[in-house]
Amino acid sequence: MQTQTTPTSRATRRGFLRSAGLGLGALGLAGQASFAGDEPPASFAKPSKMRLGLVTYNLAKDWDLAAIIKNCEEARFEGVELRTTHAHGVEVSLSKEQREGVKKRFRDSKVELMGLGSAFDYHTPDPNQLRKDLDATKEYIVLAHDVGAPGVKVRPNALPKEVPKAKTLEQIGKALRELGEFGDGYGVQIRLEVHGSETSLLPNIRTIMDAAHHRNVGVCWNSNQTDLAGEGFDHNFNLAKDKIFTVHMRDLYLDEYPFRKLLGRLNESGFAGFCLAEIPESKDPVRVMKYFRGLFLAYQNLL
């Protein structure tokens with residue numbers, strides 16, 4: 001038999017919660033803050049200008065351009081980064097007419113082609129291979145210009161054991177400076193993904209950025225666990241915050257990474273670029289994308 005709740009008992013219960021400081025909102029926040037790596041919601045004192053997009057790796061790796069545009073529009077994702085080798089087929093082998101066709105498809109849609117994602121890196125100790133990689137990246141920069149993408153993602157991938165670390169970091173930086181100068185002539189940014197064994201450590205990324213020293217070269221923040229290494233997240237974020245051009249984000253439900261803090265710090269720094277979902281495949285991809293968007297907005301107090 002259910003116990004009837006009288007107006008008096010309801011008032012008494014509300015008074016208890018109020019006096020104990022445990023209203024429903026407080027209870028909810030206390031529960032949220034108990035998870036590992038989580039923090040109370042960041043304060044968004046100014047409106048967020050961040051935009052949500054998708055990396056085709058891995059969720060959309062088998063989608064053609066029509067499916068990418070359709071699914072992003074349905075899930076209300078504003079942009080996409082097309083990773084090389086995927087089913088969309090946007091590669092340097094495209095003819096002039098095909099490149100113009102790609103550009104038009106996005107121009108006629110609600111989805112911005114905000115970048116191309118390459119797998120080029122510049123840590124090799126072989127100077128001939130380094131030159132090949134640089135020349136190939138330049139072809140990719142021209143492709144980005146032709147299809148209307150304002151940036152190309154590149155990456156560091158390792159520190160060769162036979163070479164002093166400082167020498168490799170400087171080499172990567174100088175390679176990026178050359179690419180930044182080339183890309184400047186095409187209106188295409190060079191975005192260095194925070195990636196690779198040891199090269200994903202933010203102090204090393206800062207050293208690379210200092211060696212590059214070019215306005216057209218910046219960072220693609222990658223939401224790695226190594227962002228929390230050493231002196232911690234805030235210190236590491238500060239090392240790169242003035243050079244963050246784009247952001248890759250894993251599944252936002254992961255407790256071990258401070259995604260709410262990341263979004264708060266990005267907003268504080270005035271970041272107005274794309275945060276891109278880089279998430280696993282799903283049999284129900286649009287539904288997953290909608291959930292991702294919901295958390296993205298909720299973490300910014302926009303729902």
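Q300 lies in the segment after helix 10 and is buried, with a relative accessible area of 1%. Here buried means under 20% relative accessible area, exposed over 50%, and partly exposed in between, using a 1.4 Å probe and protein chains only. Helices (H or I, at least four residues) and strands (E, at least two) are DSSP runs numbered from the N terminus.

Residues are numbered from 1 along each chain as its sequence is written. Because the model is predicted, local features need pLDDT of at least 70 and side-chain atom pairs count only at pLDDT 80 or more, while totals for chains, interfaces and linings use all residues; side-chain values use heavy atoms, with hydrogens and water left out.

The strands form a closed barrel of eight in the order 1-2-3-4-5-6-7-8, with parallel pairing. Neighbouring strands of this sheet are turned by 30 degrees against each other on average, direction ignored. Two strands are taken to pair if DSSP finds at least two bridges between them. Strands of a sheet pair through backbone hydrogen bonds, either parallel or antiparallel.

Strand 4 (residues 151-154) is covered on both faces, with G151 and K153 buried on one side and V152 and V154 buried on the other. In a regular strand the side chains alternate between the two faces of the sheet. Two bridges join strand 4 to strand 3 (residues 112-117), and the two run parallel; G117 stands opposite K153. Between strand 3 and strand 4 the chain passes through helix 5 (residues 127-147) in a right-handed β-α-β crossover. Right-handed means that, with the strands pointing away from the viewer, the path from the first strand over the helix to the second runs clockwise. Strand 4 is also joined by four bridges to strand 5 (residues 189-193), again in parallel, and V152 has I190 as its bridge partner there.

Helix 9 (residues 259-268) lies across strand 6, strand 7 and strand 8, at about 165 degrees to strand 7. Such angles run from 0 to 180 degrees between N-to-C directions, with axes fitted as lines to C-alpha atoms, for helices over the stretch in contact. Eight of the ten residues of helix 9 are buried, among them F259, R260 and L262. Just after this helix, G270 takes a positive phi of about 85 degrees. Helix 7 (residues 202-212) lies across strand 5 and strand 6 (217-221), at about 160 degrees to strand 6.

In helix 3 (residues 65-75), the buried residues are L65, I68, I69, N71, C72 and A75. Their cover includes strand 1 (51-55), strand 2 (79-83), helix 4 (96-107) and helix 10 (285-298), where contact means heavy atoms within 4.5 Å. R76, which follows helix 3, has a positive phi near 65 degrees. C72 has a relative accessible area of 0%, and C220 is likewise buried at 0%. No disulfides (pairs of cysteine sulfur atoms within 2.5 Å) are found in the whole structure.
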